[in-house]
Amino acid sequence: MLFGMLDEVFFYLGPIPVDHIIVTEWVIIALIALISYFATRDMQMIPRGLQNAFEMIIIWTYEFFTQLMDKEHVAKKWAPLLTGFFLFILLSNYSGLIPGAAHISGFQPPTSNWNVTMTLALITFFSVHIAGFSEHGIHYLGHFVSPSPLMLPLNLVEEIAHPLSLTVRLFGNIFGEEMVIAFLLFLAPFIVPGAIMGLSLLLGAIQAIVFTILSASYIAAATGEGH
Amino acid sequence: MLRKKGFYIAVLLLTSVFVLGFASLCMAAGAVEQPSGHTPEFGNVYVIGWTAVNFLILLAVLYKFAYNPINAMLEQRTTTIESSLRHAEEVKIEVEQMRKEAQSNLAESRREAQEIVARATKAAEEAKNEIITKAKEEAEQIKAKTEAELKVATEQAKMELKDTAATLAIMAAEKVLGRAITDEDHKRLVKDFVNEAGDLLC
């Protein structure tokens, strides 16, 4: 009824409608939480098994984002957010490959809905400016008038273009891929969509990486010394 | 080896084809009508709100179950390693000190031993000299004593010989004279004889 999206609503939590994709998000978060919980449930001084793998991943994210951002304390501060982006987008993309997804009304990957990608992009947008202010204080505003005040409009356009490009890139890729698979399933329901599905495994990972690395580089630009 | 590799690759390819085919079949099971391809509505505040809340929950989960415990563990491990290294350094210094002490102790003992040996050698040397000196003195004494005794004995023997000779002479003279001689004669004769004999004897 609201905004004409009754068919996508799964159930109502009081007056608040809960869409199918929101439930998918919950499942994704529950999965990540479950794995993390079991990995760090019984922390040992000498790591073994799942804890060891998990520690390696976490340390790897620190090192990766430190390389990307040049500043270790910034990387350590924002690594959880960026890792969250990566895991959330990756699992969202892959949720579209579960049999039954994409053509059942409502059961779609959350990232093929641009309300979701826009929310993620807005979180990046705010994080970038929070990172900038927390690193440089009020001097961060000088970032917008560099190299000269004449560039202010262009800089503002750039700031708005960043989240917009993040939104549309992720949404377009995943939505397009889902559409392609759906049409191929309709046209040739054996083997042929399989190839596209194999490709979309790659695509899902690439989009998750691209979103994460772009967010990291925006944060790096805001916290860097380049202004 | 190469043939085996080709075999594995073929099996892998076939498996993947069947898995993908099965998956696409499963997906196609519900796709009976042509997808409409409509894009989702933009600006659904409920989806935006839920997604924001969900992502914050995900962040909280990541902090609670991944980053915080692992950071704490890394911190703890760092402090443990640091303290272990510091402890090892301390122990090393202590061992070095003990080694030096032991070495100095050893040198001290060696020096003392040498001193003791030197002292003992000196004492032995002194004792030897003393003993030799004493022995020499004793030998001297014994020699002197013996010499004196020898002298006395010689004198005595000489006297005895003189007496015996005198007696013999008297007996011989008596025999020659055929009578006893008076004391006066006796004395004169003996004296003469002894003087002569003594000259001969000695």
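Analyst: A helix axis here is a line fitted to C-alpha atoms over the stretch in contact. Keep that in mind as we read this predicted model.

User: How do I read two packed helices in general, and at what angle do the axes of H4(A) and H6(A) cross?

Analyst: Two packed helices are described by the angle between their axes and the distance between the axes. Take helix H4 of chain A, residues 114-136. Its axis and that of H6(A) cross at roughly 25 degrees and come within 8 Å.

User: Which word describes how H4(A) and H6(A) lie to each other?

Analyst: Angles under 35 degrees count as roughly parallel. H4(A) and H6(A) are therefore roughly parallel. The crossing of H4(A) past H6(A) is right-handed.

User: Which residues of H4(A) and H6(A) meet?

Analyst: On H4(A), they are Thr124(A), Ser127(A), Val128(A), His129(A), Ala131(A), Gly132(A) and Glu135(A). On H6(A), they are Ser215(A), Tyr218(A), Ile219(A), Ala222(A) and Thr223(A). Sorted by class, this contact has five nonpolar, six polar and one charged residues.

User: Now H2(A) and H6(A). How far apart are their axes?

Analyst: The axes are 9 Å apart, and the helices pack at an angle of about 50 degrees. H2 covers residues 49-69 of chain A, and H6 covers residues 192-223. H2(A) and H6(A) are therefore oblique to each other. H2(A) also passes H6(A) in a right-handed crossing.

User: Which residues make the contact of H2(A) and H6(A)?

Analyst: H2(A) brings Phe65(A), Leu68(A) and Met69(A). H6(A) brings Ile213(A), Ala216(A), Ser217(A), Ile219(A), Ala220(A) and Thr223(A). By class, seven residues of this contact are nonpolar, two are polar and none is charged.

User: On to strands. In which sense do E1(A) and E2(A) pair?

Analyst: In a regular strand the side chains alternate between the two faces of the sheet. Here E1(A) and strand E2, residues 16-19 of chain A, pair in the antiparallel sense over four bridges. Val9(A) stands opposite Asp19(A) of E2(A). The hairpin has two residues between the strands, and Gly14(A) takes a positive phi near 65 degrees.

User: How many of the five residues of E1(A) are buried?

Analyst: A residue is buried if 20 or more other C-beta atoms lie within 10 Å of its own. In E1, residues 9-13 of chain A, the buried count is zero, and the strand is hardly covered.

User: Last, chain B. How many helices and strands does chain B have?

Analyst: Chain B has three helices and zero strands. Its elements run α-α-α from the N terminus on. Buried residues make up 8% of its 202 residues.

How values were computed:
Residues are numbered from 1 along each chain as its sequence is written. Chains are lettered from A and ligands numbered from 1 in the order in which they are written. This is a predicted model: local features need pLDDT of at least 70, side-chain atom pairs count only at pLDDT 80 or more; totals for chains, interfaces and linings use all residues. Axes are lines fitted to C-alpha atoms, for helices over the stretch in contact, and angles run from 0 to 180 degrees between N-to-C directions. Angles under 35 degrees count as roughly parallel, over 145 as roughly antiparallel, 65 to 115 as roughly perpendicular and the rest as oblique. A crossing is left-handed if the near helix is turned anticlockwise from the far one by less than a right angle, and right-handed if clockwise. Two residues are in contact if their C-beta atoms, placed from the backbone, lie within 7 Å. Ala, Val, Leu, Ile, Met, Phe, Trp, Tyr, Cys and Pro count as nonpolar, Asp, Glu, Lys and Arg as charged, and the others, Gly among them, as polar. A residue is buried if 20 or more other C-beta atoms lie within 10 Å of its own, exposed if 12 or fewer, and partly exposed in between; C-beta atoms are placed from the backbone. Two strands pair if DSSP finds at least two bridges between them.
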